[in-house]
Amino acid sequence: MSKIKPSIVLVHGSWADGTSWQHVIPLLLQDGYTVTAVQNPLTSLPDDIATTKRAIDAQPGPVVAVGHSYGGAVITGAAVGSPHVKALVYIAGWVLAPDDSISQLIGKYPPPPLVTAIVPDAGGFLYIDREKFHEVFAHDVSTAEAQVLAVAQKPAASITFEQSVESAAWQTIPSWYLLAQEDRAINPELQRFMASRIGAKITELQASHMSYISCSREVANLIIKAASSAVE
């Protein structure tokens, strides 16, 4: 008897929204998966965890939660206690331990080029300087697509980088990690530290922070691999 394919819940990071998964989604659909791309408000980590948890809880069966960048912190909290989430997939994602914050983790390694390109507004939200977006965030994405991403970027509340989770889903759920070797937004050695700390199955890719756009086939393959393992 064939096994039921888990649903895939995709969680975007800062300066992006659910449409940033547009190259990965068709590949997963073609392979027969039910896919949901969450639209998080990026107003606080608890807000984003609550939004993602609703999406997870709405799925009819087993779930694979996938988080890119800040979305990794979100799935770390949102999947806690869920009997349905069978695998976590971090795409150059932040992996928080209880009481960690992104700001604390950034300080462990030399800062990446992204930190020089972040611009705050009067309301406490952060943007990436449009003129620097392509270079520091998506250097292996086409110029035209990077321009769209820069113009459409969704600002993140600065508080999201200071907040933590009380419990971490990776403590009980198997994890996979895609390490972006050319990442200019999260130091690749910090990615290695986070992935190794949780015992994730690590795949390394010669890609920028936006690997799910520049290398969508490889990213989809990793998600499918995790999904297949989750129902074995």
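Biologist: Which ring does the charged end of Lys201 sit over?
Modeller: Keep in mind that this is a predicted model. The charged end of Lys201 sits over the ring of Trp176, 4.4 Å from its centre. Lys5 gives another case: its charged end sits over the ring of Tyr33, 4.6 Å from the ring centre.
Biologist: And how many aromatic pairs does a search of the whole structure find?
Modeller: That search finds six aromatic pairs. One of them joins Trp15 and Phe137.
Biologist: What describes a pair of aromatic rings?
Modeller: The general idea is to give the distance of the centres and the angle of the planes. For Trp15 and Phe137 the centres are 5.9 Å apart and the planes stand at 85 degrees; planes over 60 degrees apart count as edge-to-face, so this pair is edge-to-face.
Biologist: Where in the chain do Trp15 and Phe137 lie?
Modeller: Trp15 is in the loop between strand S1 and helix H1, while Phe137 is in helix H5, so the pair links distant parts of the chain, 122 residues apart. Both residues are buried. They also belong to one aromatic cluster with Phe133 and Phe161.
Biologist: What kind of pair do Trp21 and Tyr212 form?
Modeller: An edge-to-face one, with 4.4 Å centre to centre and 70 degrees between the planes. Trp21 lies in the loop between S1 and H1 and Tyr212 in helix H8, so this pair ties together parts 191 residues apart in sequence.
Biologist: Are Trp21 and Tyr212 buried or exposed?
Modeller: Both are buried.

Conventions: Residues numbered from 1 in each chain as written. Predicted model: local features only at pLDDT ≥ 70, side-chain atom pairs only at ≥ 80, totals over all residues. Heavy atoms only, no water. Phe/Tyr/Trp six-rings, centres within 6.5 Å; stacked < 30°, edge-to-face > 60°. Helix = DSSP H or I, 4+ residues; strand = E, 2+ residues; numbered from the N terminus. Buried < 20%, exposed > 50% of the residue type's maximum accessible area, 1.4 Å probe, protein only. Lys NZ or Arg CZ within 6 Å of the ring centre and 35° of its normal.
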